[in-house]
Amino acid sequence: MTWSIEVLHRDGAALQRILIADPADNEPRTVRIGRALDNDLIVDDAHCAAHHAEIVISGDAATLSAVATVNGIIAPNGKAVRALALDNDKPFKLGHTSIRVRCDRWPLAPELPLQTRPVWPLALLLLGLVFAHESWDIWLKDVGSQRPEYLYTLAGVSAGLGAWSSVYTLFGRLVSGTQRFFHHLAIACTGFLSGIVLLYLLDVLAFASSWLWPIQIHQPVVVVVGAATVRAHLRLADPRHWPGLRYAVALVAALAIVVPIAQQWMSHSRWSPIESTGILKHPALRLAPPVSIDDIAKRQLELKNRTDALKAKQEDGDGDVYYPDNPG
Amino acid sequence: MIVLATFWQRVLKIGMLACATFAALQTNAQPVPAPTREVSLPAPSAPARDLFAKYKDRLIQVRVLLNSASEQSSLGSGFFVRDDGDKGALLVTNYHVVSSLAIDPHKYRIEIRQTSEESAKATLVAVDVLNDLALLRMAPRAAKAAPTLQVRDTMPKQGEKLFALGNPMELGFLISEGVFNGLVESRINDHMLFSGAINSGMSGGPAIDDYGRVAGVNVSVLRDGQLLSFLVPSRFVTALIERGADAAPRKEWRSEIGKQLTAHQALITAKLFGEAPAATNRVGDAKAGFSTQKLDTRDVTTLDGSLTKCWANANDGDSPRYRADTLRCSLKSEVFVRRGLSSGSIAINHSLLRKDKLATPQFLAMGSVARQFTGYFRTHSADLTDSRCGEDYFKGKLHVYRVTTCMEAFRKFDGLYRLSMSAMQVDDVNERILTGLTLNGFSFDNAQRISRDFLERLQ
């Protein structure tokens, strides 16, 4: 039986490794870890003690225990403990140093297949779809005597998506050493297109039904799609930190949804600034029947009551207040 | 355009010049030369000189001061009409000169100055918002009678010489000679047309005849006209004195202003539905009402009658690929309430959009953009609450529309609202009509009644 004790870089590579061959006499072996030079494994970490911990290997079991340390051992689950039974190769921490213990009896994870299918054709296809949508969008507005700036718009969109994907690519290269530009481009284009499709469907729904809420939820939908896109980028670029980052992304997304709503309520006493759709789709898409003139009268009454409530709430208050005349 | 001698005067002027230019462009009319800022006054004739010397001590400069700064917030002119001895003299000026005081009495006070540079305090005793008049009472002064002007009880004849007096732009009291040119026909309130110069700060000053009798009160000028000024006929002054001279003193005027505005919109509504009482003034016969008009092949509801002005324009300069014909009508009935707020106006806009050479998706995509053609926009004013809106599909006689209704309440006057309604046709991919109706300063019942009638006429 062979054991190895490794000090890991934060990207997972072993910086230092000591191998312990099976002791012939079956005597328990003790491996001492700390900053002092008389340890078996010397770590250069200011948050480690001179004699921080020791691993006792006996047969096919290994136990880690703290020796003379205030920081203790940080178990793989993140909790500080004084002793830890080692039965897998999940890294634990002493101070800021990650340490992994491996045993040749423990199962190894299977080999991961290399990604054989290239991603760039998909990424470029998606980019093509983005271009197609943008061109369509400008063409819809191409109704005046002056042609809109098709090329500038397309160049701007590609520059934006390219820059966005490059940032994640660079980030991924820095933290995990992999470079996956086309993956990130595909993710960015997918996020963009799914946002467009969702908003279009919401518009159609609003036109068909005469409901206002599909338009009012545009902003939260955009935020959710954006958060999902960022999630995909981060999981690809920095998979080891995603478990922690997910909370940050969720928090930012939640704030991006809640803050505008709360501000709208504080400033204008309503949840959404959108009170009319102004959208027009093909007449065949309209499903909601027209209302009667009495329904519109009821609508007016409802609006009157709402403005009256608003007036009572926003009263400037100086109508009945007595201010003494200025003696001047 | 009301002559406001205030800090905002320049801003207002630039705005009016811009409007004038816009109107000229809109109608493809001959370009009107931009009016000069200060209209030079003709040299006074001998009678003018004598009149000024004789009556200048009856003139007053009215200053509304902000209490907290003790500096002027607005300026105007005025004149003594009655001396009640110990109770103090009564003087007349424009409502718009003292509107800020009438609406926020604790923030402002009135100070008056005579030609002799003596100043005194004055209080507001009556307002006539519709005719833009206010009656003030000067604090009594010991043993000093106020010289008054006599108010004429007959209307001058067209062509009769009148002399406008006042203190424009704080340049000192002056006299401006001009000719009375009859009553203005297209307004709901009587206004006398005076072909003479009236400048900012002369508001509220008297326009007197050869005998020194007040024939009218300076009130406003047309900024894009040359010497087109307006006077309030003197009989409204007489009526105001009768009504207000012995009224109990009060500090709170909002309810009174609100009452007058409410009466005004009730009159407009009655006129619209042909229910107005017998005419009480000469142009009281002025007509207003809905009528149907052709916009290309479509029947649209517009305003009819002598109080209405309509303008039409097309997008012929902008784009030959589709057609947008626009018709805007408004009822000239609005009343100045305070800076930035008027009440009692109706506006109707129609735009007919034709697809012509556009593809169907392009024409449909213009739907949301096309509100610009109806003039359907709202500016936020501190005097109105936030708007509250709702949308419904509505079927007119022939077509289906998406009707957006928005409502705002007047914050300082109870029971008055602004209702804006826009209807966008949604059942045709080749042409569509966009219609807007704006009712500003109406009671809810009247706004509802007018808009219902409007919807019933929708084709």
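B:Arg449 has a relative accessible area of 34% and is therefore partly exposed, a class that lies between buried, under 20% relative accessible area, and exposed, over 50% (1.4 Å probe, protein chains only). In this predicted model B:Glu275 forms a salt bridge with B:Arg449, with the closest N and O atoms 2.6 Å apart; a salt bridge here is a side-chain nitrogen of Lys or Arg within 4 Å of a carboxyl oxygen of Asp or Glu. The pair links distant parts of the chain, since B:Glu275 sits in the loop between helix H5 (254-272) and strand E15 (289-295) of chain B, while B:Arg449 belongs to helix H8 of chain B, 174 residues apart. Helices (H or I, at least four residues) and strands (E, at least two) are DSSP runs, numbered from the N terminus. B:Glu275, at 45% relative accessibility, also counts as partly exposed.

Because the model is predicted, local features need pLDDT of at least 70 and side-chain atom pairs count only at pLDDT 80 or more, whereas totals for chains, interfaces and linings use all residues. Residues are numbered from 1 along each chain as its sequence is written, chains are lettered from A and ligands numbered from 1 in the order in which they are written, and side-chain values use heavy atoms, with hydrogens and water left out.

Over all chains, a search of the whole structure finds 43 salt bridges. A contrasting case in chain A is the salt bridge between A:Asp308 and A:Lys304, whose closest N and O atoms are 3.1 Å apart; both residues lie in helix H7 (residues 293-313) of chain A, four residues apart, or about one turn of the helix. A:Asp308 is partly exposed, with a relative accessible area of 26%, and A:Lys304 is buried, with 17%.

Other salt bridges join the two chains, and the count between chain B and chain A is four. In one of them the side chains of B:Asp392 and A:Arg299 meet at 2.9 Å, N to O. Another salt bridge pairs the side chains of A:Asp142 and B:Arg321 at 3.5 Å, N to O, crossing from the loop between helix H1 (120-140) and helix H2 (150-176) of chain A to the loop between strand E17 (308-314) and E18 of chain B. A:Asp142 counts as buried because its relative accessibility is 2%.

The interface as a whole takes 66 residues from chain B and 55 residues from chain A, where contact means heavy atoms within 4.5 Å. The two chains bury about 5,100 Å² between them, 55% of it on carbon and sulfur atoms; buried area is the accessible area (1.4 Å probe) that two parts lose on being put together, summed over both. Across this interface the rule finds 20 residue pairs in polar contact, both residues at pLDDT 80 or more. A polar contact is a pair of N or O atoms within 3.5 Å; within protein, one must be able to donate a hydrogen and the other to accept it, and residues adjacent in sequence count only if both atoms are side-chain atoms. On the side of chain B that touches chain A, the elements that give two or more residues are helix H6 (360-369), strand E22 (388-395), strand E23 (400-409), strand E24 (417-425) and helix H8 (444-457) of chain B. E23(B) gives the most to that side, with nine residues.

A:Asp238, in the loop between helix H5 (218-237) and helix H6 (242-268) of chain A, counts as buried at 5% relative accessibility.
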